[in-house]
Number of protein chains: 2
Amino acid sequence: MPSAPAAASGAPSSTGRRGRPGYDQQTVLNVAVEVFNRHGYDATSMGILAENLGISKSAIYHHVPSKEDLLSLALEQALGGLESVWEAPESQSGRAEERLEFVVRSTVRVLTERLPFVTLLLRLRGNTETERAALERRRSFDRKVAELIAEARAEGSIRTDIDPRTASRLLFGTINSIVEWYRPGGALTPAKLADDVVAVLFDGLHTRS
Amino acid sequence: MPSAPAAASGAPSSTGRRGRPGYDQQTVLNVAVEVFNRHGYDATSMGILAENLGISKSAIYHHVPSKEDLLSLALEQALGGLESVWEAPESQSGRAEERLEFVVRSTVRVLTERLPFVTLLLRLRGNTETERAALERRRSFDRKVAELIAEARAEGSIRTDIDPRTASRLLFGTINSIVEWYRPGGALTPAKLADDVVAVLFDGLHTRS
(Lines give C-alpha, C1' and ligand atoms only; values in the text may rest on other atoms or scores of the structure.)
Protein backbone atom coordinates (compact mmCIF):
# COMPACT_ATOMS: atom_id res chain seq x y z
CA MET A 1 0.00 0.00 0.00
CA PRO A 2 2.71 2.62 0.72
CA SER A 3 3.86 4.30 -2.48
CA ALA A 4 7.40 3.77 -3.76
CA PRO A 5 10.05 6.19 -2.49
CA ALA A 6 10.19 9.39 -4.49
CA ALA A 7 13.64 8.61 -5.88
CA ALA A 8 13.80 4.85 -6.18
CA SER A 9 16.61 4.90 -8.73
CA GLY A 10 18.95 7.70 -7.65
CA ALA A 11 20.51 8.13 -4.22
CA PRO A 12 17.44 8.70 -2.02
CA SER A 13 19.17 11.41 -0.02
CA SER A 14 19.95 13.57 -3.02
CA THR A 15 16.46 14.40 -4.26
CA GLY A 16 14.40 17.11 -2.65
CA ARG A 17 11.67 17.08 -5.25
CA ARG A 18 9.06 15.75 -2.79
CA GLY A 19 9.91 17.62 0.35
CA ARG A 20 12.80 16.42 2.46
CA PRO A 21 15.34 14.17 0.71
CA GLY A 22 14.31 10.52 0.68
CA TYR A 23 10.92 10.95 2.35
CA ASP A 24 8.30 8.56 1.07
CA GLN A 25 4.72 8.07 2.11
CA GLN A 26 5.59 5.35 4.64
CA THR A 27 8.09 7.61 6.38
CA VAL A 28 5.57 10.43 6.53
CA LEU A 29 3.05 7.94 7.92
CA ASN A 30 5.45 6.62 10.58
CA VAL A 31 6.14 10.13 11.86
CA ALA A 32 2.48 11.16 11.64
CA VAL A 33 1.35 8.17 13.71
CA GLU A 34 3.95 8.90 16.34
CA VAL A 35 2.74 12.53 16.55
CA PHE A 36 -0.95 11.46 16.59
CA ASN A 37 -0.20 9.12 19.51
CA ARG A 38 1.71 11.81 21.39
CA HIS A 39 -0.73 14.74 20.97
CA GLY A 40 -3.96 12.99 20.03
CA TYR A 41 -5.32 12.93 16.46
CA ASP A 42 -7.79 15.80 16.98
CA ALA A 43 -5.14 18.09 18.49
CA THR A 44 -2.60 17.43 15.70
CA SER A 45 -2.69 19.96 12.88
CA MET A 46 -0.95 19.63 9.53
CA GLY A 47 1.30 22.45 10.80
CA ILE A 48 2.42 20.35 13.79
CA LEU A 49 3.01 17.40 11.46
CA ALA A 50 5.09 19.52 9.09
CA GLU A 51 7.17 20.75 12.03
CA ASN A 52 7.82 17.20 13.22
CA LEU A 53 8.71 16.03 9.72
CA GLY A 54 10.91 19.05 9.09
CA ILE A 55 9.13 19.70 5.78
CA SER A 56 6.54 22.21 4.62
CA LYS A 57 2.80 21.61 4.79
CA SER A 58 2.63 21.61 0.99
CA ALA A 59 5.34 18.91 0.94
CA ILE A 60 3.06 16.72 3.06
CA TYR A 61 0.23 17.26 0.57
CA HIS A 62 2.51 15.72 -2.08
CA HIS A 63 2.21 12.46 -0.13
CA VAL A 64 -1.41 12.54 1.09
CA PRO A 65 -4.40 14.76 0.30
CA SER A 66 -5.46 15.35 3.92
CA LYS A 67 -4.88 14.62 7.59
CA GLU A 68 -7.81 12.22 7.54
CA ASP A 69 -6.17 10.28 4.68
CA LEU A 70 -3.07 9.93 6.85
CA LEU A 71 -5.27 8.54 9.60
CA SER A 72 -6.97 6.21 7.17
CA LEU A 73 -3.65 4.87 5.81
CA ALA A 74 -2.33 4.43 9.35
CA LEU A 75 -5.41 2.57 10.54
CA GLU A 76 -5.23 0.32 7.47
CA GLN A 77 -1.79 -0.84 8.62
CA ALA A 78 -3.22 -1.83 12.01
CA LEU A 79 -6.48 -3.35 10.76
CA GLY A 80 -4.97 -5.03 7.69
CA GLY A 81 -2.44 -6.73 9.94
CA LEU A 82 -5.07 -7.88 12.41
CA GLU A 83 -7.46 -9.08 9.72
CA SER A 84 -4.73 -11.08 7.98
CA VAL A 85 -4.67 -13.33 11.07
CA TRP A 86 -7.91 -14.94 9.85
CA GLU A 87 -6.40 -15.78 6.46
CA ALA A 88 -3.79 -18.14 7.91
CA PRO A 89 -4.72 -21.82 7.64
CA GLU A 90 -4.12 -22.27 11.40
CA SER A 91 -7.07 -20.02 12.15
CA GLN A 92 -9.36 -21.87 9.78
CA SER A 93 -9.21 -25.51 10.77
CA GLY A 94 -8.49 -27.66 13.78
CA ARG A 95 -9.85 -27.58 17.31
CA ALA A 96 -11.31 -24.22 18.38
CA GLU A 97 -8.90 -24.19 21.31
CA GLU A 98 -5.90 -24.38 18.96
CA ARG A 99 -7.33 -21.80 16.58
CA LEU A 100 -7.99 -19.46 19.50
CA GLU A 101 -4.44 -19.85 20.77
CA PHE A 102 -3.13 -19.18 17.26
CA VAL A 103 -5.26 -16.04 16.96
CA VAL A 104 -4.09 -14.75 20.36
CA ARG A 105 -0.45 -15.40 19.48
CA SER A 106 -0.80 -13.78 16.05
CA THR A 107 -2.64 -10.78 17.46
CA VAL A 108 0.20 -10.19 19.92
CA ARG A 109 2.67 -10.48 17.03
CA VAL A 110 0.81 -7.91 14.88
CA LEU A 111 0.50 -5.64 17.90
CA THR A 112 4.24 -5.72 18.64
CA GLU A 113 5.27 -5.44 14.97
CA ARG A 114 2.93 -2.53 14.27
CA LEU A 115 2.88 -1.09 17.78
CA PRO A 116 2.29 2.64 17.02
CA PHE A 117 -0.39 1.83 14.44
CA VAL A 118 -2.32 -0.48 16.76
CA THR A 119 -1.88 2.05 19.59
CA LEU A 120 -3.54 4.66 17.37
CA LEU A 121 -6.39 2.25 16.60
CA LEU A 122 -6.97 1.43 20.26
CA ARG A 123 -7.13 5.10 21.27
CA LEU A 124 -9.69 6.16 18.65
CA ARG A 125 -12.71 8.03 19.96
CA GLY A 126 -14.90 7.73 16.88
CA ASN A 127 -15.18 11.45 16.10
CA THR A 128 -14.93 11.14 12.30
CA GLU A 129 -16.33 8.83 9.62
CA THR A 130 -12.85 7.30 9.15
CA GLU A 131 -12.62 6.56 12.87
CA ARG A 132 -16.09 5.05 13.04
CA ALA A 133 -15.36 2.79 10.06
CA ALA A 134 -12.13 1.62 11.73
CA LEU A 135 -13.91 0.99 15.02
CA GLU A 136 -16.50 -1.11 13.18
CA ARG A 137 -13.70 -3.24 11.66
CA ARG A 138 -12.16 -3.58 15.11
CA ARG A 139 -15.51 -4.69 16.56
CA SER A 140 -15.85 -7.21 13.75
CA PHE A 141 -12.43 -8.65 14.68
CA ASP A 142 -13.46 -8.80 18.35
CA ARG A 143 -16.72 -10.56 17.43
CA LYS A 144 -14.82 -13.27 15.54
CA VAL A 145 -12.66 -13.90 18.60
CA ALA A 146 -15.77 -14.02 20.81
CA GLU A 147 -17.26 -16.62 18.45
CA LEU A 148 -14.07 -18.67 18.67
CA ILE A 149 -14.28 -18.53 22.47
CA ALA A 150 -17.87 -19.74 22.27
CA GLU A 151 -16.77 -22.60 19.99
CA ALA A 152 -13.96 -23.54 22.37
CA ARG A 153 -16.47 -23.57 25.24
CA ALA A 154 -18.84 -25.79 23.28
CA GLU A 155 -15.93 -28.12 22.49
CA GLY A 156 -15.18 -28.32 26.23
CA SER A 157 -11.72 -26.75 26.22
CA ILE A 158 -12.63 -23.37 27.76
CA ARG A 159 -14.13 -23.07 31.25
CA THR A 160 -17.86 -22.48 31.39
CA ASP A 161 -18.10 -20.66 34.72
CA ILE A 162 -17.15 -17.36 33.04
CA ASP A 163 -19.57 -15.66 30.65
CA PRO A 164 -18.06 -15.77 27.13
CA ARG A 165 -18.44 -12.00 26.80
CA THR A 166 -16.50 -11.46 30.02
CA ALA A 167 -13.86 -13.95 28.88
CA SER A 168 -13.54 -12.11 25.59
CA ARG A 169 -13.29 -8.70 27.33
CA LEU A 170 -10.60 -9.91 29.72
CA LEU A 171 -8.69 -11.56 26.88
CA PHE A 172 -8.65 -8.35 24.85
CA GLY A 173 -7.92 -6.32 27.97
CA THR A 174 -4.80 -8.36 28.56
CA ILE A 175 -3.68 -8.26 24.93
CA ASN A 176 -4.49 -4.61 24.20
CA SER A 177 -2.81 -3.33 27.36
CA ILE A 178 0.50 -4.42 25.84
CA VAL A 179 0.60 -1.20 23.78
CA GLU A 180 0.77 0.78 27.03
CA TRP A 181 4.06 -0.69 28.21
CA TYR A 182 5.79 -2.88 25.61
CA ARG A 183 8.88 -1.37 24.02
CA PRO A 184 10.40 -3.30 21.09
CA GLY A 185 14.13 -3.96 21.09
CA GLY A 186 14.38 -4.89 24.78
CA ALA A 187 15.08 -8.24 26.42
CA LEU A 188 11.46 -9.34 26.04
CA THR A 189 11.08 -10.49 22.42
CA PRO A 190 7.70 -10.45 20.65
CA ALA A 191 7.75 -14.27 20.48
CA LYS A 192 8.39 -14.64 24.23
CA LEU A 193 5.73 -12.04 24.99
CA ALA A 194 3.25 -14.00 22.85
CA ASP A 195 4.18 -17.18 24.78
CA ASP A 196 3.68 -15.35 28.08
CA VAL A 197 0.28 -13.96 27.09
CA VAL A 198 -0.91 -17.39 25.92
CA ALA A 199 0.43 -18.97 29.14
CA VAL A 200 -1.31 -16.47 31.44
CA LEU A 201 -4.60 -16.37 29.54
CA PHE A 202 -5.00 -20.12 29.10
CA ASP A 203 -3.14 -21.61 32.06
CA GLY A 204 -2.93 -18.75 34.57
CA LEU A 205 -0.13 -17.52 36.80
CA HIS A 206 -0.39 -20.38 39.28
CA THR A 207 2.15 -23.17 39.24
CA ARG A 208 0.66 -26.51 38.22
CA SER A 209 1.36 -29.63 40.20
CA MET B 1 -12.78 13.87 52.86
CA PRO B 2 -15.74 15.36 50.94
CA SER B 3 -17.20 18.29 52.85
CA ALA B 4 -20.67 18.08 54.33
CA PRO B 5 -23.55 19.13 52.07
CA ALA B 6 -24.14 22.87 52.08
CA ALA B 7 -27.47 22.53 53.87
CA ALA B 8 -27.05 19.59 56.20
CA SER B 9 -29.88 20.66 58.51
CA GLY B 10 -32.59 22.08 56.22
CA ALA B 11 -34.10 20.35 53.19
CA PRO B 12 -31.10 20.04 50.83
CA SER B 13 -33.18 20.93 47.79
CA SER B 14 -34.41 24.24 49.20
CA THR B 15 -31.15 26.14 49.59
CA GLY B 16 -29.54 27.88 46.66
CA ARG B 17 -26.92 29.64 48.71
CA ARG B 18 -24.08 27.59 47.23
CA GLY B 19 -25.09 27.44 43.60
CA ARG B 20 -27.73 24.95 42.54
CA PRO B 21 -30.00 23.61 45.29
CA GLY B 22 -28.52 20.67 47.14
CA TYR B 23 -25.16 20.65 45.35
CA ASP B 24 -22.32 19.66 47.62
CA GLN B 25 -18.66 19.18 46.85
CA GLN B 26 -19.09 15.46 46.16
CA THR B 27 -21.81 16.13 43.58
CA VAL B 28 -19.67 18.75 41.89
CA LEU B 29 -16.80 16.25 41.92
CA ASN B 30 -18.90 13.44 40.41
CA VAL B 31 -20.00 15.64 37.52
CA ALA B 32 -16.51 17.09 37.03
CA VAL B 33 -14.92 13.62 36.79
CA GLU B 34 -17.50 12.52 34.27
CA VAL B 35 -16.76 15.62 32.16
CA PHE B 36 -12.97 15.17 32.54
CA ASN B 37 -13.31 11.57 31.30
CA ARG B 38 -15.46 12.62 28.35
CA HIS B 39 -13.44 15.61 27.10
CA GLY B 40 -10.04 15.04 28.71
CA TYR B 41 -8.83 17.04 31.72
CA ASP B 42 -6.73 19.49 29.69
CA ALA B 43 -9.60 20.29 27.30
CA THR B 44 -12.12 20.87 30.11
CA SER B 45 -12.48 24.52 31.17
CA MET B 46 -14.27 25.77 34.27
CA GLY B 47 -16.82 27.19 31.79
CA ILE B 48 -17.55 23.70 30.38
CA LEU B 49 -17.84 22.35 33.93
CA ALA B 50 -20.26 25.12 34.92
CA GLU B 51 -22.37 24.36 31.86
CA ASN B 52 -22.53 20.65 32.72
CA LEU B 53 -23.37 21.40 36.33
CA GLY B 54 -25.96 23.97 35.39
CA ILE B 55 -24.41 26.49 37.80
CA SER B 56 -22.21 29.54 37.37
CA LYS B 57 -18.42 29.41 37.42
CA SER B 58 -18.37 31.42 40.63
CA ALA B 59 -20.72 28.84 42.19
CA ILE B 60 -18.09 26.16 41.44
CA TYR B 61 -15.48 28.29 43.18
CA HIS B 62 -17.63 28.08 46.32
CA HIS B 63 -16.85 24.37 46.35
CA VAL B 64 -13.21 24.26 45.15
CA PRO B 65 -10.59 26.94 44.55
CA SER B 66 -9.48 25.67 41.10
CA LYS B 67 -9.81 23.04 38.39
CA GLU B 68 -6.59 21.43 39.60
CA ASP B 69 -8.09 21.11 43.10
CA LEU B 70 -11.04 19.28 41.57
CA LEU B 71 -8.57 16.94 39.87
CA SER B 72 -6.67 16.47 43.10
CA LEU B 73 -9.84 15.63 45.07
CA ALA B 74 -10.98 13.24 42.34
CA LEU B 75 -7.63 11.44 42.18
CA GLU B 76 -7.64 11.14 45.96
CA GLN B 77 -10.85 9.12 45.74
CA ALA B 78 -9.18 6.70 43.33
CA LEU B 79 -5.81 6.49 45.07
CA GLY B 80 -7.19 6.51 48.61
CA GLY B 81 -9.40 3.56 47.68
CA LEU B 82 -6.56 1.64 46.08
CA GLU B 83 -4.13 2.35 48.93
CA SER B 84 -6.65 1.24 51.56
CA VAL B 85 -6.29 -2.29 50.12
CA TRP B 86 -2.93 -2.59 51.88
CA GLU B 87 -4.44 -1.71 55.26
CA ALA B 88 -6.68 -4.79 55.37
CA PRO B 89 -5.28 -7.63 57.49
CA GLU B 90 -5.68 -10.05 54.55
CA SER B 91 -3.02 -8.18 52.62
CA GLN B 92 -0.60 -8.20 55.52
CA SER B 93 -0.22 -11.80 56.61
CA GLY B 94 -0.55 -15.27 55.18
CA ARG B 95 0.91 -16.87 52.09
CA ALA B 96 1.96 -14.42 49.36
CA GLU B 97 -0.34 -16.26 46.95
CA GLU B 98 -3.37 -15.58 49.15
CA ARG B 99 -2.36 -11.97 49.77
CA LEU B 100 -1.91 -11.44 46.03
CA GLU B 101 -5.32 -12.91 45.30
CA PHE B 102 -6.83 -10.66 47.98
CA VAL B 103 -5.16 -7.59 46.50
CA VAL B 104 -6.35 -8.43 42.97
CA ARG B 105 -9.90 -9.00 44.20
CA SER B 106 -9.88 -5.79 46.26
CA THR B 107 -8.41 -3.76 43.41
CA VAL B 108 -11.21 -4.93 41.10
CA ARG B 109 -13.71 -3.97 43.81
CA VAL B 110 -12.29 -0.44 44.22
CA LEU B 111 -12.16 -0.08 40.46
CA THR B 112 -15.83 -1.02 40.02
CA GLU B 113 -17.02 1.02 43.02
CA ARG B 114 -15.09 4.13 41.99
CA LEU B 115 -15.11 3.51 38.25
CA PRO B 116 -15.02 7.12 36.92
CA PHE B 117 -12.36 8.14 39.45
CA VAL B 118 -10.07 5.22 38.61
CA THR B 119 -10.73 5.81 34.89
CA LEU B 120 -9.50 9.38 35.35
CA LEU B 121 -6.40 8.13 37.17
CA LEU B 122 -5.57 5.59 34.45
CA ARG B 123 -5.87 8.18 31.67
CA LEU B 124 -3.55 10.76 33.23
CA ARG B 125 -0.76 12.03 31.02
CA GLY B 126 1.34 13.67 33.74
CA ASN B 127 1.13 17.24 32.43
CA THR B 128 0.78 18.94 35.83
CA GLU B 129 2.35 18.58 39.27
CA THR B 130 -0.91 17.10 40.62
CA GLU B 131 -0.92 14.50 37.85
CA ARG B 132 2.72 13.59 38.37
CA ALA B 133 2.18 13.15 42.13
CA ALA B 134 -0.81 10.89 41.43
CA LEU B 135 1.15 8.85 38.90
CA GLU B 136 3.92 8.39 41.46
CA ARG B 137 1.38 7.04 43.98
CA ARG B 138 0.01 4.74 41.29
CA ARG B 139 3.51 3.47 40.50
CA SER B 140 4.08 2.88 44.20
CA PHE B 141 0.91 0.75 44.30
CA ASP B 142 2.09 -1.18 41.23
CA ARG B 143 5.50 -1.76 42.82
CA LYS B 144 3.91 -3.29 45.92
CA VAL B 145 1.96 -5.70 43.73
CA ALA B 146 5.13 -6.56 41.80
CA GLU B 147 6.87 -7.32 45.11
CA LEU B 148 3.99 -9.56 46.10
CA ILE B 149 4.31 -11.42 42.80
CA ALA B 150 8.03 -11.87 43.46
CA GLU B 151 7.23 -13.22 46.95
CA ALA B 152 4.64 -15.63 45.53
CA ARG B 153 7.24 -16.84 43.02
CA ALA B 154 9.80 -17.38 45.76
CA GLU B 155 7.19 -19.29 47.74
CA GLY B 156 6.59 -21.53 44.71
CA SER B 157 2.97 -20.64 44.02
CA ILE B 158 3.49 -18.49 40.91
CA ARG B 159 5.05 -19.88 37.73
CA THR B 160 8.68 -18.98 37.16
CA ASP B 161 8.81 -19.16 33.34
CA ILE B 162 7.39 -15.63 33.09
CA ASP B 163 9.48 -12.63 34.14
CA PRO B 164 7.86 -11.07 37.25
CA ARG B 165 7.76 -7.67 35.55
CA THR B 166 5.88 -9.16 32.59
CA ALA B 167 3.54 -11.00 34.97
CA SER B 168 2.86 -7.76 36.79
CA ARG B 169 2.25 -5.84 33.55
CA LEU B 170 -0.19 -8.47 32.24
CA LEU B 171 -1.96 -8.60 35.59
CA PHE B 172 -2.49 -4.83 35.63
CA GLY B 173 -3.36 -4.86 31.93
CA THR B 174 -6.18 -7.30 32.63
CA ILE B 175 -7.43 -5.44 35.70
CA ASN B 176 -7.13 -1.89 34.37
CA SER B 177 -8.83 -2.69 31.07
CA ILE B 178 -12.04 -3.22 33.06
CA VAL B 179 -12.62 0.56 33.12
CA GLU B 180 -12.93 0.49 29.33
CA TRP B 181 -15.97 -1.80 29.22
CA TYR B 182 -17.47 -2.50 32.64
CA ARG B 183 -20.81 -0.77 33.32
CA PRO B 184 -22.17 -1.07 36.88
CA GLY B 185 -25.78 -2.11 37.34
CA GLY B 186 -25.77 -4.86 34.71
CA ALA B 187 -25.97 -8.63 35.12
CA LEU B 188 -22.25 -8.88 35.89
CA THR B 189 -21.87 -7.90 39.56
CA PRO B 190 -18.59 -6.49 40.91
CA ALA B 191 -18.16 -9.62 43.06
CA LYS B 192 -18.60 -11.99 40.09
CA LEU B 193 -16.27 -9.86 37.98
CA ALA B 194 -13.64 -10.06 40.74
CA ASP B 195 -14.08 -13.86 40.80
CA ASP B 196 -13.70 -14.01 37.02
CA VAL B 197 -10.54 -11.88 37.01
CA VAL B 198 -8.97 -13.99 39.76
CA ALA B 199 -9.97 -17.18 37.90
CA VAL B 200 -8.48 -16.06 34.57
CA LEU B 201 -5.30 -14.56 36.02
CA PHE B 202 -4.45 -17.44 38.35
CA ASP B 203 -6.00 -20.48 36.68
CA GLY B 204 -6.47 -19.43 33.06
CA LEU B 205 -9.32 -19.94 30.62
CA HIS B 206 -8.60 -23.62 29.99
CA THR B 207 -10.75 -26.25 31.59
CA ARG B 208 -8.87 -28.33 34.16
CA SER B 209 -9.09 -32.08 34.13
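The structure holds 32 salt bridges over all chains, a salt bridge being a side-chain nitrogen of Lys or Arg within 4 Å of a carboxyl oxygen of Asp or Glu. Between chain A and chain B the count is 0. This is a predicted model: local features need pLDDT of at least 70, side-chain atom pairs count only at pLDDT 80 or more, and totals for chains, interfaces and linings use all residues. Residues are numbered from 1 along each chain as its sequence is written, chains are lettered from A in the order in which they are written, and side-chain values use heavy atoms, with hydrogens and water left out.

**A salt bridge within chain A**
- A:Arg137 pairs with A:Glu76 in a salt bridge, with 2.9 Å between the closest N and O atoms.
- A:Arg137 sits in helix 7 (residues 129-155) of chain A and A:Glu76 in helix 4 (residues 67-84) of chain A, so the pair ties together parts 61 residues apart in sequence.
- Helices here are DSSP runs (H or I, at least four residues), and strands are E runs of at least two, numbered from the N terminus.

**Interface of chain A and chain B**
- Contact (heavy atoms within 4.5 Å) links 35 residues of chain A with 35 residues of chain B.
- About 3,300 Å² is buried between the chains, and carbon and sulfur atoms give 59% of that area. Buried area is the accessible area (1.4 Å probe) lost on putting the two parts together, summed over both.
- The rule finds 23 residue pairs in polar contact across the interface, both residues at pLDDT 80 or more. A polar contact is a pair of N or O atoms within 3.5 Å; within protein, one must be able to donate a hydrogen and the other to accept it, and residues adjacent in sequence count only if both atoms are side-chain atoms.
- On chain A, helix 1 (25-39), helix 8 (164-176), helix 9 (178-181) and helix 10 (190-203) each supply at least two residues of the side that touches chain B.
- Helix 10 of chain A gives the most to that side, with 9 residues.

**Symmetry**
- Chain A superposes on chain B by a rotation of 180 degrees with 0.0 Å of shift along its axis (RMSD 0.0 Å). The two copies are thus related as by a two-fold rotation axis.
- The same surface serves both copies, as 100% of the contact residues of chain A recur in chain B.

Technical notes:
Copies are superposed by least squares on the C-alpha atoms of residues with pLDDT of at least 70 in both.
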